[in-house]
Amino acid sequence: MRAEAAEMCAMDTAVKEAAVARFLREHPEMERVACDHPALLGCADVDWSEIPGCPAGVPVLLRSLLDEAVGPEALPVLENLLVNSVSHVSAVMPAVLPFLIRLAAVPGIAVRPDLVSLLVVAAELSSSVDADDERQVLLFGKDSDHPEREWCRAAFAAHASALRALLEDGTLPAGMISLDDRECLLRTVEP
């Protein structure tokens, strides 16, 4: 069973890497775009190659989110990298969270509503699982088997002020985030 799971994971990683490579081939101009936007401060300093399952193109995907035309194409590729299944975030998510939080705060960005939704998904999937709740463990696995949850919680905590500022931002259009989603995000910084 573990060998099958490892093989599936390797196939999944290869599919994700192929999607990033395809995006980069289709949008070579995005590789030349400067990474000087304040929301991406520190992106060039992350050693992306040290993160398991992280293709080298992640910084390009993040920069592409700022482009009105290319952002909607980059977002699903990035989402596929960040979420391993309907119940698990990838090891890439914690490293990307600071940039997602800051990008979601950029007014006028074409994919802003989707970024806010992705932050909610990350918050929900990084919640701790009650080890005594057999159903939760069956659905989500044990926290000890998914350290990326704790890493995400740490990333949310480290960027709590930016997340609070986003949620208090007067530029968030009415209806962009539901009350439940707002509460979910606030729980990541005020457990």
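This is a predicted model: local features need pLDDT of at least 70, side-chain atom pairs count only at pLDDT 80 or more; totals for chains, interfaces and linings use all residues.
**Helices H8 and H9**

- Helix H8, covering residues 160–168, and helix H9, covering residues 179–189, have axes that come within 9 Å and cross at roughly 160 degrees. Because angles over 145 degrees count as roughly antiparallel, H8 is described as roughly antiparallel to H9.
- The crossing in which H8 passes H9 is left-handed, and the contact is made on the H8 side by Ala160, Leu163, Arg164, Leu167 and Glu168, and on the H9 side by Arg182, Leu185, Leu186, Thr188 and Val189.
- Sorted by class, the residues of this contact of H8 with H9 comprise six nonpolar, one polar and three charged.

- The side chain of Thr188 reaches the backbone oxygen of Leu185 at 2.5 Å, and both Thr188 and Leu185 are among the H9 residues that make the contact with H8.
- Leaving aside residues up to four places away in sequence, Thr188 touches Ala123, Phe156, Ala157 and Leu163; of these, Leu163 belongs to the H8 side of the contact with H9.

**Helices H4 and H5**

- The axes of helix H4, which spans residues 93–104, and of H5 come within 10 Å and cross at roughly 140 degrees, and the two helices are therefore oblique to each other.
- H4 passes H5 in a left-handed crossing, in which Met93, Leu97, Leu100, Ile101, Leu103 and Ala104 of H4 meet Arg112, Leu115, Val116, Leu118, Leu119 and Ala122 of H5.
- The contact of H4 with H5 is made up, by class, of eleven nonpolar residues, no polar residues and one charged residue.

**Ser117 within H5**

- Ser117 is found in helix H5, which runs over residues 112–125, and with a relative accessible area of 40% Ser117 is partly exposed, because partly exposed covers values between the 20% limit for buried and the 50% limit for exposed.
- Ser117 and Ala104 are separated by 13 residues in sequence and by 9.4 Å in space, taken from C-alpha to C-alpha, and Ala104 is one of the H4 residues that meet H5.

Note on methods
Residues are numbered from 1 along each chain as its sequence is written. Side-chain values use heavy atoms; hydrogens and water are left out. Axes are lines fitted to C-alpha atoms, for helices over the stretch in contact, and angles run from 0 to 180 degrees between N-to-C directions. Helices (H or I, at least four residues) and strands (E, at least two) are DSSP runs, numbered from the N terminus. Angles under 35 degrees count as roughly parallel, over 145 as roughly antiparallel, 65 to 115 as roughly perpendicular and the rest as oblique. A crossing is left-handed if the near helix is turned anticlockwise from the far one by less than a right angle, and right-handed if clockwise. Contact means heavy atoms within 4.5 Å. Ala, Val, Leu, Ile, Met, Phe, Trp, Tyr, Cys and Pro count as nonpolar, Asp, Glu, Lys and Arg as charged, and the others, Gly among them, as polar. Buried means under 20% relative accessible area, exposed over 50%, partly exposed in between (1.4 Å probe, protein chains only). A polar contact is a pair of N or O atoms within 3.5 Å; within protein, one must be able to donate a hydrogen and the other to accept it, and residues adjacent in sequence count only if both atoms are side-chain atoms.
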